[in-house]
Amino acid sequence: MNKEKKIIKIESVGLVKTQEFTFDSFKLESGEKFGPVTLAYETYGCLNSERTNAILITHALSGDAHAAGVHQGQDNPGWWDEFIGPGKAIDTEKYFVICSNILGGCKGSTGPTSINPKTAKPYALDFPLITINDIVNAQKRLIDYLGIEKLLAVVGGSMGGQQVLSWLVNYPHNLASAVPIATTIKHSPQQIAFNEVGRQSIMADENWKSGNYYESTAPVKGLAVARMIGHITYMSDKSMAEKFGRVKKEAQEPFKFTADFQVEGYLRYRGDNFVKRFDANSYLYITKAMDNFDASGGWPFQTVLQGTSVKVLVIAFKSDWLYPAYQSKEIVKACKLAGVETTYCEIDSTYGHDAFLLEVEEESHLLKHFLKKVLYAYEVTGEYGA
Amino acid sequence: MAHKNIQLDHAVILDLIKPESSVLDLGCGNGDLLYLLIKAKRARVQGIEIDEQAIYKCVAKGLNVFHGDVDSGLAEFNDKSFDYVVLNQSMQQILHVDKVLADALRVGKRVIVGFPNFAYYKSRLQMFFKGKAPVTESLPYQWYETPNLHFLSILDFKKYCRAKKINIECQVCIGENHKVLFLRNLFAQVGIFLISK
């Protein structure tokens, strides 16, 4: 084996495979019974014999179960590969890492693209309106199935962070620590507004046909525009200026209103790419779940957290204007008032909301030491959170 | 004092804190004092610190720390959330000292304050003979780069406590590497007070 190959082996979890877990049915927050439900998931590392080293990673809007390593025949590593692997922040030599595609998603878990057993056709809009809590309740079934009573940590950014908060509120006895990153207790009108423009863009596409497009052309134009808007909100003014400036594209087309600037080309490229891997109905369902989410359930958040022994690490990014730091500080404030053991850091990043995927060094440092502390507390006292 | 290889002010504060207490350190820096408090006193600790790099050092020590400024960080705690609130070498850098001290006395059952004594004899000599703003071991900054916003003496702080009806439970004044027991306002570089309301 040559040296180069060795290095790759040390840094990556290597070849991984997505697995499936199916359960009959469960009750949604709306009261409706729904099933069967399949969750696509991946695991990295080994569960120890005490089953105390499991970490659940929750993904963001467009994420999937493939968080780390590579799939057979593919070059692209998972979406959080820089954080998960041997010797990395979430060290797969120490921890057993789980990531599942959310309920309502389109990457192997049951969602609007799945076949409705009653009609033998894709659910489309017959798929029920789901919530972040429903997504988490389904994840809990998977964690139970894997034989894990108590997770060492639940870690996630953006919508992943909403799921972390849902775990913290709904299953405080089933986790030792929670790491909500660049997220919020509930969406602000501005966040709802951006999501609504994305949804309207999809629904305005003539190919959307009230969601019944699975046997014809998908509403790719609408979905691409939704994604373009998304990408604008994920970057900062500064990161866009640094990445594109006002540089014009090399090849200019002889039409009016073509993509002259690099930033236009980038957004179109991102939009066009997204439609190849994402379902428009899933986009509608998931963004709606994000908008409807309120971790506090209408109560002051500190009263919901009262008495929990879960340790919390909250991370925000200075240039993130989609999930601004003040929203993370709201979480921190509630933790303070509830007497929850909490650490908060606002990382000085210019990447905007995307920073949670990109600020590897600082975020890794925080995660690594925080997880070490949580695991150590368990090893010393035999009890998490003691 | 049985603590070796520890900064003198940290050793003094360590002696003031009862074992297994809860401690909030405002302006905890790299977290050295909080780390000592865990090791020596089995204290439950929380820090607040404005400097991002210092936050990373605290986290590496396994400490709970909030990234934020002291001026706004206290208001969000319930009354008597901690046995002690510590303001060591940070009070003189706070914008609204009066408000923060009142809040610290609300959030903590007791407050420990440590600050450089502006009336230290070397400062007085520099002022008197050289006619310059003092630069000493405990006030090491030039006037144009100092983070200190307030300059006070041990006497000033005592007068303040009297006026605000704050109890001084204990005071320890330290010089270069020893406690100062007489003419403290003249010979002490640093005053450390245990106060309560």
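Q: How do α4(A) and α5(A) pack, and at what angle?
A: In this predicted model, helix α4 of chain A (residues 189–204) packs with α5(A) at an angle of about 165°, and their axes are 7 Å apart. That angle is over 145°, so α4(A) is roughly antiparallel to α5(A).

Q: Which residues make that contact?
A: From α4(A), the contact is made by A:Phe194, A:Val197, A:Gly198, A:Ser201, A:Ile202 and A:Ala204. From α5(A), A:Gly222, A:Leu223, A:Val225, A:Ala226, A:Ile229, A:Gly230 and A:Thr233 take part.

Q: Is the crossing left-handed or right-handed?
A: The crossing in which α4(A) passes α5(A) is right-handed.

Q: What span should α7(A) have, and what does the model give?
A: Helix α7(A) runs over residues 262–277, and its 16 residues should span 22 Å at 1.5 Å a residue. The end C-alpha atoms are 23 Å apart, which agrees.

Q: Moving to α3(A): how many of its residues are buried?
A: Helix α3(A) is mostly covered, with 11 of its 12 residues buried. The buried residues are A:Met159, A:Gly160, A:Gly161, A:Gln162, A:Gln163, A:Val164, A:Leu165, A:Ser166, A:Trp167, A:Leu168 and A:Val169.

Q: Still in chain A, is the bond from A:Gly35 to A:Pro36 cis or trans?
A: The peptide bond from A:Gly35 to A:Pro36 is cis, with omega near -10°. A:Pro36 is found in the loop between β3 (33–34) and β4 (37–44) of chain A. Most peptide bonds are trans.

Q: Turning to chain B, which of its residues have a positive phi despite not being glycine?
A: Among them are B:Lys80, with phi near 50°, and B:Lys165, with phi near 55°. Most residues other than glycine have a negative phi.

Q: Where are these two lysines, and are they buried or exposed?
A: B:Lys80 is in the loop between α4 (70–73) and β4 (82–88) of chain B. B:Lys80 is exposed, because 11 other C-beta atoms lie within 10 Å and the limit for exposed is 12 or fewer. B:Lys165 is in the loop between α7 (154–163) and β6 (167–174) of chain B. B:Lys165 is likewise exposed, with 7 other C-beta atoms within 10 Å.

Q: And B:Ala104, buried or exposed?
A: B:Ala104 lies in helix α5 of chain B, residues 97–107. B:Ala104 is buried, because 27 other C-beta atoms lie within 10 Å and buried requires 20 or more.

Q: What does B:Ala104 touch?
A: Not counting residues up to four places away in sequence, B:Ala104 touches B:Leu26, B:Leu74, B:Val85, B:Leu87 and B:Val111.

Q: How do α1(B) and α2(B) cross?
A: The axes of α1(B), residues 8–16, and α2(B), residues 32–41, come within 10 Å and cross at roughly 45°. The two helices are therefore oblique to each other, and their crossing is right-handed.

Q: Which residues meet there?
A: B:His10, B:Ile13 and B:Leu14 in α1(B) meet B:Asp32, B:Leu33, B:Leu36, B:Leu37, B:Ala40 and B:Lys41 in α2(B).

Q: Finally, how many residues does each chain bring to the contact between chains A and B?
A: Chain B brings 14 residues and chain A brings 17 residues. On the side of chain B that touches chain A, α3 (52–60) and β3 (65–67) of chain B each supply at least two residues. Helix α3(B) gives the most to that side, with 5 residues.

Methods. Residues are numbered from 1 along each chain as its sequence is written. Chains are lettered from A and ligands numbered from 1 in the order in which they are written. This is a predicted model: local features need pLDDT of at least 70, side-chain atom pairs count only at pLDDT 80 or more; totals for chains, interfaces and linings use all residues. Helices (H or I, at least four residues) and strands (E, at least two) are DSSP runs, numbered from the N terminus. The expected span of a helix is 1.5 Å times one less than its number of residues. Axes are lines fitted to C-alpha atoms, for helices over the stretch in contact, and angles run from 0 to 180 degrees between N-to-C directions. Angles under 35 degrees count as roughly parallel, over 145 as roughly antiparallel, 65 to 115 as roughly perpendicular and the rest as oblique. A crossing is left-handed if the near helix is turned anticlockwise from the far one by less than a right angle, and right-handed if clockwise. Two residues are in contact if their C-beta atoms, placed from the backbone, lie within 7 Å.
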